[in-house]
Amino acid sequence: MKIGFIGLGNMGAPMARNLAKAGHEVAGFDVAAPIPQGIASAESAANAATGADVVITMLPDGAILRRVAGEVIPAMSPGAILLDCSTVDVESARAVAGQAIAAGTRALDAPVSGGIGGAEAGTLTFMVGGSDDAFADAKPLFEIMGQKAVHCGPSGNGQAAKICNNMILGITMIGTCEAFALADKLGLDRQAMFDVVSTSSGYSWTMNAYCPAPGVGPTSPADNDYKPGFAAELMLKDLRLSQQAAEASDADTPMGQRATELYRSFVEDEDGRGRDFSAMLPRFERRGRG
Ligand code: NAD
């Protein structure tokens, strides 16, 4: 396929490289990041989109996506697919898809989980919103960049799945960390705590696969001085998106709201920026109730 790839940052660059390695013809554009080897350099986003079967975007947020979509949709061929893999608000995803469809192209929102490691290894999970035919046509690309793609329904539903998943992730990470900090104060050994919880009803991905306690459980960012991994500020971004969506749809999400507030103070008022989101554990372990 002929692919235009816009946004070649931490995630986009390895994803584009994997597509080129698999034999696709990839033209890339980024306002700042260098163009990776094997990718043709386009002069503009519109240029990268011209003549492409699929235009992939991997951008920081919904406002930038809307701007870039305004540039690329008029340049796209009829029936081509605008495949947005960024994490953005549901409203922007639906607005951009509407614009693409009105212009005679097709659109998929396909945010990912798996992080930079997953982008490099081609093992991302895609959560996809959009039409059946666009999903079927994009499937071979999902198979190169990832190991799983779930079709979640119409436009915006990929983003909905992503923020609901990450709201659970933020809440359970906080729960796991505060429980470790309480266990410390009760004199319970962290290894014993892991051995019990990881095989009991308190188990979760954050405990079993990504344990926030250094030296306990499988290797995780906690064993590397909390270098991300998944940075606390990205967790905060996703939690904020969840609360924006909750407000827009009148959903009661008290735990999501509290998790957002905790990650906000961790990132903005404390030392959380640039640290893995599991560094909530050293945060809790230093604190008392006051
Ligand atoms: P990044 O900041 O490294 O990359 C974004 C790229 O977009 C940058 O290179 C930037 O120069 C480029 N860009 C900005 N405006 C542009 C424009 N108008 N035209 C062209 N390029 C433009 O971010 P990232 O870590 O690659 O994340 C990208 C998206 O993936 C985000 O939405 C993020 O939330 C999501 N995501 C990231 C991770 C992760 O672990 N990093 C995991 C899952 C999802």
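This is a predicted model: local features need pLDDT of at least 70, side-chain atom pairs count only at pLDDT 80 or more; totals for chains, interfaces and linings use all residues.

**Exercise 1. Work out which side of helix H4 is buried and what covers it.**

Step 1: get the helix geometry. H4 runs over residues 90-102, so count 13 residues by the DSSP run. From first C-alpha to last it reaches 18 Å, close to the 18 Å expected at 1.5 Å a residue.

Step 2: list the buried positions. These are Val-90, Ser-92, Ala-93, Val-96, Ala-97 and Ala-100. They sit on the same side of H4, because they cover an arc of only 165° around the axis. The spacing rule behind this kind of pattern: an α-helix has 3.6 residues a turn, so residues three or four places apart point the same way.

Step 3: look just past the helix end. Gly-104 has a positive phi of about 90° there.

**Exercise 2. Find the salt-bridge partners of Arg-106 and say which elements they link.**

Step 1: start with the total, which is eleven salt bridges in the structure.

Step 2: take Asp-133. Its side chain meets that of Arg-106 at 2.7 Å, N to O. This pair links distant parts of the chain, with Asp-133 in helix H6 (residues 132-145) and Arg-106 in strand E6, 27 residues apart. Asp-133 is partly exposed, at a relative accessible area of 41%.

Step 3: take Asp-137. Here the closest N and O atoms of the bridge to Arg-106 are 3.0 Å apart. Asp-137 lies in helix H6 and Arg-106 in strand E6, so this pair ties together parts that are 31 residues apart in sequence. Asp-137 counts as partly exposed too, at 37% relative accessibility.

**Exercise 3. Classify both ends of the Arg-190 to Glu-285 salt bridge as buried, partly exposed or exposed.**

Step 1: check the contact. The two side chains meet at 2.7 Å, N to O.

Step 2: place the residues. Arg-190 is in helix H8 (residues 190-197) and Glu-285 in helix H12 (residues 280-285), so the bridge ties together parts that are 95 residues apart in sequence.

Step 3: apply the cut-off. Arg-190 has a relative accessible area of 19%, and buried means under 20%, so Arg-190 is buried. Glu-285, at 38%, is partly exposed.

Step 4: look for shared partners elsewhere.

**Exercise 4. Describe the largest nonpolar core and the surroundings of Tyr-263.**

Step 1: size it up. The core has 33 residues, and Tyr-263, Phe-277 and Met-280 have the most contacts inside it.

Step 2: assign the contributors. H7, H8, helix H10 (232-248), H11 and H12 each give two or more residues. The largest share, eight residues, comes from H7.

Step 3: zoom in on Tyr-263. Beyond four places in sequence, its contacts include Met-173, Ile-174, Leu-236, Phe-277 and Met-280.

Step 4: note that there is a second, separate core of 28 residues, which includes Ile-3, Leu-124, Val-128 and Leu-141.

Notes: Residues are numbered from 1 along each chain as its sequence is written. Side-chain values use heavy atoms; hydrogens and water are left out. Helices (H or I, at least four residues) and strands (E, at least two) are DSSP runs, numbered from the N terminus. The expected span of a helix is 1.5 Å times one less than its number of residues. Buried means under 20% relative accessible area, exposed over 50%, partly exposed in between (1.4 Å probe, protein chains only). The arc is that of the directions from the helix axis to the C-beta atoms. Contact means heavy atoms within 4.5 Å. A salt bridge is a side-chain nitrogen of Lys or Arg within 4 Å of a carboxyl oxygen of Asp or Glu. A nonpolar core is a set of buried Ala, Val, Leu, Ile, Met, Phe, Trp, Tyr and Cys residues joined through side-chain atoms within 4.5 Å.
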